[in-house]
Amino acid sequence: MKILFINGSPNKNGNTANLASQLLKGNDYQTLHLVDYKIYSYGQKFNDDQFEEVIEKMSQADKIIMGSPLYWHSMSGAIRNLLDRFYGTVNQGLFQNKDFYFIFQGYAPTLQQLEAG
């Protein structure tokens, strides 16, 4: 079973990556740091966009964990941008039969942050 952790934090070795490593301890998994990829906003088209590369890695995984710090009661911009790009691009069945999880971490979680997750 292939496990892919998508780190939506700009800090590759920060709290989000640390949380994932604790949760996935004992499992073999690959980490994809969104900060290493150019993923443009929905509607923009540039030749160096790497959205398709990320989708390809996601399609090869059996289990996908997206991790994000909480900023302003919501997920990071990198995760939000990736999810926005799914619209009209990712067909409905691409992630069928995959386990998909979100993990969020923050300094002082509020009820709004927990509900948003």
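His-33 is buried, at a relative accessible area of 16% (buried means under 20%, exposed over 50%, partly exposed in between; 1.4 Å probe, protein chains only). The model is predicted: local features need pLDDT of at least 70, side-chain atom pairs count only at pLDDT 80 or more, and totals for chains, interfaces and linings use all residues. Residues are numbered from 1 along each chain as its sequence is written, and side-chain values use heavy atoms, leaving out hydrogens and water.

**His-33**
- His-33 sits in strand β2 (residues 29-33). Strands (E, at least two residues) and helices (H or I, at least four) are DSSP runs, numbered from the N terminus.
- Neighbours within four places in sequence aside, His-33 contacts Asn-7 and Lys-12 (contact: heavy atoms within 4.5 Å).

**Nonpolar cores**
- The largest nonpolar core has 20 residues. Such a core is a set of buried Ala, Val, Leu, Ile, Met, Phe, Trp, Tyr and Cys residues joined through side-chain atoms within 4.5 Å.
- β1 (3-7), α2 (51-60), β3 (63-69) and α3 (77-86) each give two or more residues to this core.
- Phe-86 is one of the residues with the most contacts inside the core. Leaving aside neighbours within four places in sequence, Phe-86 touches Phe-51, Ile-55, Met-58, Met-66 and Phe-95.
- Another core, of six residues, lies apart; Ile-3, Phe-5, Ala-20 and Ile-65 are among them.

**Strand pairing**
- β3 pairs with strand β4 (residues 99-105) in the parallel sense, over seven bridges (pairing needs at least two DSSP bridges).
- Pro-69 stands opposite Gln-105 of β4.
- From β3 the chain crosses through α3 to β4, a right-handed β-α-β crossover. Right-handed means that, with the strands pointing away from the viewer, the path from the first strand over the helix to the second runs clockwise.
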